Amino acid sequence: MAAAFKDHFTPVADAYRAFRPRYPRALFRWLAEVAPARGDALDCGCGNGQASLGLAEVFERVHAVDPGEAQIRQALRHPRVTYAVAPAEDTGLPPASVDLAIAAQAMHWFDLDRFHAELRRVARPGAVFAAVTYGLTRVDPEVDAVVDRLYHGLLAGDWPPERVHVESGYRTLPFPFPELEAPPLEIEERWPMDVFLGYLGTWSAVTAHRKRTGADPLLEIGPALRAAWGTPERPLRVTWPLAIRAGRILPHAGG
């Protein structure tokens with residue numbers, strides 16, 4: 001039986017669109033280089049299209065699927081991106097139809113046996129799959145101390161168990177394809193404090209904490225964050241380390 005869809009993000013779909021960071025262009029340039037062609041790309045668990053738009057800059061057609069209807073309604077439109085409400089394990093695409101498939105900040109939610117079978121079904125010869133995830137955000141030592149208090153302290157009991165795979169850079173998940181060496185990359189934004197708070201509000205654990213306790217953990221850290229930030233309107237450099245696992249999709253595990 002298929003695992004139930006764990007919907008952690010419908011309540012924040014609009015905020016997810018507004019406040020989630022964008023992936024670096026260098027990521028998509030590298031993916032285009034290692035893919036056998038630049039015709040069709042598949043974005044699995046696309047959310048509302050943060051990675052889909054990057055793929056559209058280097059691929060002719062992007063098929064973006066997510067099981068969350070609210071996420072697809074909020075999706076960022078592009079003439080080369082087609083969105084569909086569908087799980088990563090059953091995309092609805094024809095066999096042998098994509099040159100590249102990615103899962104950006106999403107693979108830890110999938111039924112991996114079914115997902116790997118779906119990748120083999122839709123992959124063209126030589127197609128590449130890349131799983132991308134980003135770790136805990138960093139700003140500067142003062143702001144980081146406040147974020148760490150939120151992440152490791154206030155929200156310690158509110159993270160879903162799948163979060164451990166993000167923290168490991170997906171090294172704790174099975175990956176049955178011969179791996180490619182990926183370049184070291186990071187996400188970088190320059191944000192004022194209100195945008196940074198908006199991003200923190202998209203964390204699944206923040207939503208869970210509010211539901212569990214009736215309290216807003218962002219209000220609790222607000223004074224300390226303001227003190228650490230200095231002038232709230234001042235943009236600071238915000239970064240996230242990227243972890244990338246990429247490989248050639250073979251018909252069967254191991255070749």
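Helix α8 (residues 193-200) and helix α10 (residues 217-229) cross at roughly 145 degrees, their axes coming within 11 Å. The crossing is right-handed. This is a predicted model: local features need pLDDT of at least 70, side-chain atom pairs count only at pLDDT 80 or more, and totals for chains, interfaces and linings use all residues. Residues are numbered from 1 along each chain as its sequence is written, and side-chain values use heavy atoms, without hydrogens or water.

**Helix contact**
- From α8, Met-193, Phe-196, Leu-197 and Leu-200 take part.
- They meet Leu-218, Ile-221, Leu-225, Arg-226 and Trp-229 of α10 (contact: heavy atoms within 4.5 Å).
- The residues of this contact divide into eight nonpolar, no polar and one charged.

**Second largest pocket**
- This pocket holds about 210 Å³ of space.
- A pocket here is an open set of points on a 1 Å grid where a 1.4 Å probe fits, with protein on both sides within 12 Å along at least five of seven lines; lining residues have an atom within 4 Å of a point.
- The lining includes Arg-22, Tyr-23, Arg-25, Phe-28 and Arg-29.
- Gln-50, Leu-53, Gly-54, Glu-57 and Val-58 also line the pocket.
- α2 (25-34) and α3 (50-56) each give two or more residues to the lining.
- By class, the lining has four nonpolar, two polar and four charged residues.

Terms used. Points joined across faces, edges and corners; volume = space filled by probe spheres on them. Helix = DSSP H or I, 4+ residues; strand = E, 2+ residues; numbered from the N terminus. Nonpolar A, V, L, I, M, F, W, Y, C, P; charged D, E, K, R; others polar. Axes fitted to C-alpha atoms, helices over the stretch in contact; angles between N-to-C directions. Left-handed = near helix turned anticlockwise from the far one by under 90°.
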